[in-house]
Amino acid sequence: MARKLIETIADSTLFLREWFVNPQRTGAVAPSSPKLAAAMARWLPHDPESFVLELGPGTGAVTAALLKRGLREDRLVAIEHNPTLAKLLRKRFPRAHIITGDAWQLDELLRGQPVPIPSVGAVISSLPLLNFPKEQVAALAQKIHSILGPRGCWVQYTYQIGKSRRRGADAFRLLASQIIWLNLPPARVSVYQK
Ligand SMILES: C[S@@+](CC[C@H](N)C(=O)[O-])C[C@H]1O[C@@H](n2cnc3c(N)ncnc32)[C@H](O)[C@@H]1O
């Protein structure tokens with residue numbers, strides 16, 4: 001209990017520090033709440049052998065929820081741009097495939113793994129997409145579409161809770177959308193299916 005509290009405080013401090021260094025890319029002042037992380041993790045693929053690709057794992061709040069929900073650690077591939085955060089994740093989740101890199105290069109990064117990963121069952125993304133131009137988001141959505149297996153889901157949260165915006169997700173159908181109020185700030189989880 002005390003260890004968990006110390007870890008939470010340390011993660012929040014680190015997150016805030018990284019936000020000061022690069023607010024646009026970090027995209028939030030604090031890690032996701034347990035409620036938001038659990039809402040993202042609900043959408044794991046049914047096949048336990050499928051890989052799950054996490055984009056922008058940060059300090060691992062959503063990552064931990066995915067594992068708690070039953071994802072095998074060796075089936076998790078995560079792409080984090082910030083090397084400090086990626087190093088922390090590697091220590092915390094030693095059997096997961098933690099890649100330091102740009103999510104927009106996901107196709108090359110997955111192909112370049114020691115055992116190449118041709119497709120994934122779900123993409124769980126915390127990328128701060130509202131901070132990126134529309135065209136760039138559309139390019140990412142296209143790559144997500146290509147890497148997802150049949151009926152695979154792209155789960156994305158944003159802090160725009162007013163309405164569900166389909167930024168870049170035109171080639172997907174909106175499967176579910178939920179506001180999570182218990183988060184700083186409140187967030188909307190959108191689930192798109194291929
Ligand atoms: C809003 S934070 C979410 C962190 C964590 N998943 C959570 O929910 O607490 C966004 C994360 O995306 C990462 N990020 C931003 N741009 C990225 C990119 N192009 N490729 C990979 N990660 C990126 C940031 O470094 C940050 O860790």
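These are my notebook entries on one predicted protein model.

**Ground rules.** I number residues from 1 along each chain, as its sequence is written.

**Overall build.** I looked up the secondary structure and found 7 helices and 7 strands, taking helices as DSSP runs of H or I with at least four residues and strands as runs of E with at least two, numbered from the N terminus. Read from the N terminus, the order of elements is α-α-α-β-α-β-α-β-α-β-α-β-β-β. I then compared the radius of gyration, taken over C-alpha atoms, with the globule rule of 2.2 Å times the number of residues to the power 0.38: for 194 residues a compact globule would come near 16 Å, and the protein, at 15 Å, agrees with this. Along the principal axes, the C-alpha atoms fill a box of roughly 45 × 40 × 30 Å. Of the contacts between residues at least 6 apart in sequence, 67% join residues at least 24 apart, a contact being two C-beta atoms, placed from the backbone, within 7 Å.

**The sheet.** I traced an open sheet of 7 strands in the order S3-S2-S1-S4-S5-S7-S6, with mixed pairing; two strands pair if DSSP finds at least two bridges between them. Its edges are strand S3 (97–100) and strand S6 (173–180), each of which pairs on one side only. Neighbouring strands are turned by 15 degrees against each other on average, direction ignored; the axes are lines fitted to C-alpha atoms, for helices over the stretch in contact, and angles otherwise run from 0 to 180 degrees between N-to-C directions. S2 and S3 pair in the parallel sense over 4 bridges, and I noted Thr100 in S3 as the bridge partner of Glu80. Helix H3 (residues 34–41) packs on the sheet, where it touches strand S4 (120–125), strand S5 (148–158), S6 and strand S7 (187–193), and its direction makes about 165 degrees with that of S6. Helix H5 (residues 83–92) also packs on the sheet, touching S2 and S3, with about 165 degrees between its direction and that of S3.

**Around the ligand.** I counted 23 residues surrounding the ligand, the closest being Ser32, Gly56, Gly58, Ala103 and Ser126; a residue is near if its C-beta atom, placed from the backbone, lies within 6 Å. Helix H2 (23–26), helix H4 (61–68) and strand S2 (76–80) each supply at least two residues of this shell.

**Thr26.** I found Thr26 in helix H2. Is Thr26 buried or exposed? Thr26 is buried because it has 21 C-beta neighbours inside 10 Å; the cut-offs are 20 or more other C-beta atoms within 10 Å for buried, 12 or fewer for exposed, and partly exposed in between, with C-beta atoms placed from the backbone. Neighbours within four places in sequence left aside, Thr26 is in contact with Glu18 and Trp19.

**Backbone exceptions.** Most residues other than glycine have a negative phi, and most peptide bonds are trans. I therefore noted Arg151, which is exposed with 11 other C-beta atoms within 10 Å. Arg151 lies in strand S5 and, although not a glycine, has a positive phi of about 60 degrees. A cis peptide bond joins Leu184 and Pro185, with omega about -10 degrees, and Pro185 sits in the loop between S6 and S7.

Terms used:
Predicted model: local features only at pLDDT ≥ 70, side-chain atom pairs only at ≥ 80, totals over all residues.
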